[in-house]
Amino acid sequence: MTSDLRRQLILGAAKRCFARHGYTGTTTKSVAAAAAISEALLFKHFPSKAALYAEILSDECEADPALTELLEREPSTAALVELIRGMVQHFLAIADGPDQEEAQRLRLMATSHLDDGEFARLLYAKIETLIGAVFVASLDRAVAAGDARPCTGDPLNLFWFAHHAVMTAALTRLPATPCLAYGKANDLERQLCEFLLRGIGLNDAAIASHLGHDQATSAGKTAIAESA
């Protein structure tokens with residue numbers, strides 16, 4: 001069996017284990033047993049349980065039709081707005097989701113920051129690989145079009161600032177009784193989008209034009225699941 005096939009076999013077994021037992025209840029030993037390989041062989045492909053889980057989440061993101069469509073679009077102000085809007089919708093939907101899988105992932109992400117940080121580092125690296133270039137290229141196009149002010153620092157930091165802001169907002173909504181009462185969901189989505197888009201440098205005219213258009217035409221579409 002080739003290395004790639006073995007890797008896919010392990011990932012398939014890991015998906016079944018995580019789906020049945022959750023992250024905490026799954027061990028590398030149980031994944032190895034499900035894949036009918038030794039734990040030592042599993043570690044040759046994935047150094048830890050966190051690495052396995054991060055790879056699965058990355059695969060799920062890459063298979064998301066909404067994200068695939070966005071990544072294939074020409075970089076532009078509209079693509080930049082859609083990226084931020086999709087990220088906001090994804091995180092705000094976590095607390096209201098029909099199951100707790102996404103909520104558990106968000107809690108795992110938060111816990112990782114307070115622990116050894118391994119899972120968070122892995123997931124951030126995969127998000128950057130998947131989305132970072134599209135964000136930077138679209139921001140460059142927005143600046144060139146006069147829709148945004150030039151960035152004086154690392155433009156990718158603007159993406160991370162936006163990501164962390166909306167992730168923290170989502171964390172406040174995880175408990176049965178939210179930590180903060182933000183108000184109506186639609187108002188919160190709009191406010192967050194406007195706040196983040198201004199923060200990354202878009203001017204009010206561009207926000208009013210593209211955000212209004214995107215929200216009208218994308219109603220009912222699945223939000224981009226970039227992970228958390």
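**View 1. Arg190 and Glu194 both lie in helix α10 (residues 185-199), four residues apart, about one turn of the helix.** Helices here are DSSP runs of H or I with at least four residues, numbered from the N terminus. The model is predicted, with local features needing pLDDT of at least 70 and side-chain atom pairs counting only at pLDDT 80 or more, whereas totals for chains, interfaces and linings use all residues. Residues are numbered from 1 along each chain as its sequence is written, and side-chain values use heavy atoms, without hydrogens and water. The side chains of Arg190 and Glu194 form a salt bridge (2.9 Å, N to O), a term for a side-chain nitrogen of Lys or Arg within 4 Å of a carboxyl oxygen of Asp or Glu.

**View 2. Glu55 and Lys126 are joined by a salt bridge (2.7 Å, N to O).** This pair links distant parts of the chain, with Glu55 in helix α4 (residues 49-62) and Lys126 in helix α8, 71 residues apart. Glu55 is buried at 14% relative accessibility, while Lys126 is partly exposed at 24%; buried means under 20% relative accessible area, exposed over 50% and partly exposed in between (1.4 Å probe, protein chains only).

**View 3. Asp147 lies in the loop between α8 (118-144) and α9 (155-171).** Asp147 is buried yet has no salt bridge, and the nearest side chain of opposite charge, Arg141, is 11 Å away; Lys and Arg count as positive and Asp and Glu as negative, with His and the chain ends not counted. Leaving aside neighbours within four places in sequence, Asp147 is in contact (heavy atoms within 4.5 Å) with residues including Thr77, Asn203 and His210.

Conventions. Helices (H or I, at least four residues) and strands (E, at least two) are DSSP runs, numbered from the N terminus.
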